[in-house]
Amino acid sequence: MNKVQVVLGSQWGDEGKGKLVDVLAQEVDLCCRCQGGNNAGHTIVVNGVKFDFHLLPSGLVNDNCINVVGNGVVVHLPSFFEELNNIEKKGLSAKDRLFISDRAHLVFDFHQLVDGLKEIELGGSGLGTTKKGIGPTYSSKASRSGLRVHHLYSPGFAEKFRTLVINKKKRYGEFEYDVEGEIESYKLLAEKLKPFVMDTVSFVNKSIREGKSVLVEGANALMLDLDFGTYPFVTSSSTTVGGVCTGLGIPPTRIGKVIGVAKAYTTRVGSGPFPTEQINDIGTHLQDVGAEIGTTTGRRRRCGWLDLVMLKYSHMINDYTCLNLTKLDVLDDLDEIKIGVGYLVDGKRLDSFPADLDVLARVEVEYETMTGWKESIADCREYESLPLNARKYVERVEEILGVGVEWIGVGAGRDAMITKKM
């Protein structure tokens with residue numbers, strides 16, 4: 001049976017999934033997005049040219065790959081066309097190889113306004129939302145009041161849109177918004193979008209049955225999942241392997257290889273407890289050397305040691321076939337490297353990653369300390385060419401997690417990747 005290959009973030013996002021998707025997409029027929037919106041961000045460097053993907057699938061870098069934005073994705077059309085225009089300016093063509101689900105929900109500008117109002121309503125709790133309107137759109141979807149792509153071509157679109165805005169104003173109070181102007185702009189956007197719209201559920205499943213190779217590119221990451229992440233400091237969709245099924249209409253039996261992408265250390269954007277965070281020279285070093293600035297937000301990421309308690313939890317939920325360990329080169333200059341291997345609360349070791357963030361904020365991390373390798377690995381392209389201590393680090397991660405590392409990132413470029421025999 002033909003199986004779908006999946007790439008998922010295993011930490012708090014920003015793991016560098018885009019580069020692996022770019023490498024794998026060179027050999028696949030379809031590359032699909034299954035959830036999230038333009039709150040995600042992947043940076044891919046090809047022949048010195050940097051491409052920033054937010055809403056569009058990274059497989060567009062491969063001229064022979066068909067790209068699908070699935071029903072589980074929420075789409076802000078002005079951003080969709082802006083991003084499309086940006087990559088076309090850099091030489092990529094999406095003609096006849098980019099499609100969007102007629103079931104995908106639409107993000108409107110008022111959703112983005114409401115996103116900010118929601119944060120204020122929560123008392124400025126600093127959830128870390130990108131204010132792209134993603135959460136309010138999924139909220140509209142869950143309350144059965146949202147508008148999907150196919151509604152753009154329905155005679156009742158304008159009336160449904162007015163009703164949706166009225167309901168938001170009832171909820172959040174009066175806010176300035178040009179309803180009729182937005183309706184007119186969406187009439188033009190609907191015509192522009194027509195060539196991209198299709199029944200992607202049928203198309204993707206037909207492609208699988210025909211034996212075509214399909215790659216699914218997850219956005220965000222496990223620790224941002226609405227159910228399993230550090231709630232409420234999470235996104236608004238299912239970022240797990242389950243989200244692949246619901247976000248594209250793929251049966252679970254069609255899922256094959258599930259690849260978890262993890263940095264060789266840990267980062268997160270926004271607020272919430274972060275047990276292995278290093279608010280010191282180590283954290284600053286990881287930020288500076290790792291260029292830890294968000295692709296979508298432009299915010300400086302918080303940095304800390306690799307957290308294997310979190311990754312064990314992530315692996316338990318997604319059952320990764322293998323891992324892609326990225327940015328190993330960022331650790332090159334460190335004398336010692338620590339790995340978080342246990343959580344203690346009041347002297348007692350926790351069995352798993354806790355649901356209660358008050359508990360998470362109190363954990364004492366148990367670390368293993370490893371000796372650094374103190375040399376550049378940027379030019380390494382074979383696993384055996386890595387310094388002994390770098391290999392020991394990789395192998396210790398494999399041993400603790402019980403899952404193999406198949407790819408190791410050693411730089412930003414497309415070719416800066418080691419494939420390790422499993």
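Tutor: We begin with a definition: two residues are in contact when they have heavy atoms within 4.5 Å. Keep in mind that this is a predicted model.

Student: Which residues does Arg33 touch, not counting residues up to four places away in sequence?

Tutor: Arg33 touches Ala40, His54, Leu55, Leu56, Pro57, Val68, Val69, Gly70, Val73, Glu217, Ala219 and Leu248. Arg33 itself is found in strand E2, residues 30–33.

Student: Which backbone oxygens does the side chain of Arg33 reach?

Tutor: One is the backbone oxygen of Gly37, at 3.3 Å. Another is that of Leu55, at 3.2 Å.

Student: Next, aromatic rings. How many aromatic pairs does a search of the whole structure find?

Tutor: The search finds 17. To classify a pair, look at the angle between the ring planes: over 60 degrees counts as edge-to-face. The planes of Phe80 and Phe196 are at 85°, so this pair is edge-to-face, with ring centres 5.6 Å apart. The two residues are 116 residues apart, and their pair links distant parts of the chain. Phe80 is in helix H2 (residues 77–89), while Phe196 is in the loop between helix H6 (179–193) and strand E9 (197–198).

Student: Are Phe80 and Phe196 buried or exposed?

Tutor: Buried means under 20% relative accessible area. Phe80 is buried because its relative accessibility is 1%. Phe196, at 13%, counts as buried too.

Student: Which residues do ring pairs link into a cluster?

Tutor: The cluster consists of Phe108, Phe110, Phe157, Phe161, Phe175, Tyr177 and Tyr186. Phe175 also has a charged neighbour: Lys169 lies over its face, at 5.5 Å from the ring centre. Elsewhere, Lys338 lies over the face of Tyr367, at 5.7 Å from the ring centre.

Student: Now the backbone. Which residues does a cis peptide bond join?

Tutor: Such a bond joins Tyr231 and Pro232, with omega about 10°. Pro232 is in the loop between strand E10 (214–217) and helix H8 (241–248).

Student: What about phi at Lys327 and Asp346?

Tutor: Look for a positive value in a residue other than glycine. Lys327 has phi near 55°, and so does Asp346. Lys327 lies in the loop between strand E15 (322–326) and strand E16 (336–345). Its relative accessible area is 24%, so Lys327 is partly exposed. Asp346 is in the loop between E16 and strand E17 (348–349). At 67% relative accessibility, Asp346 is exposed.

Student: Let us end with a helix. Why is H8 described as largely enclosed by the rest of the structure?

Tutor: Because six of its eight residues are buried. They are Val241, Gly243, Val244, Cys245, Gly247 and Leu248.

Student: What is found at the start of H8, and what follows the helix?

Tutor: At the start, a side-chain oxygen of Thr240 comes to within 3.1 Å of the backbone nitrogen of Gly242. After the helix comes Gly249, with a positive phi near 80°.

Notes
Residues numbered from 1 in each chain as written. Predicted model: local features only at pLDDT ≥ 70, side-chain atom pairs only at ≥ 80, totals over all residues. Heavy atoms only, no water. Helix = DSSP H or I, 4+ residues; strand = E, 2+ residues; numbered from the N terminus. Polar contact = N/O pair within 3.5 Å; in protein donor to acceptor, adjacent residues only side chain to side chain. Phe/Tyr/Trp six-rings, centres within 6.5 Å; stacked < 30°, edge-to-face > 60°. Buried < 20%, exposed > 50% of the residue type's maximum accessible area, 1.4 Å probe, protein only. Lys NZ or Arg CZ within 6 Å of the ring centre and 35° of its normal.
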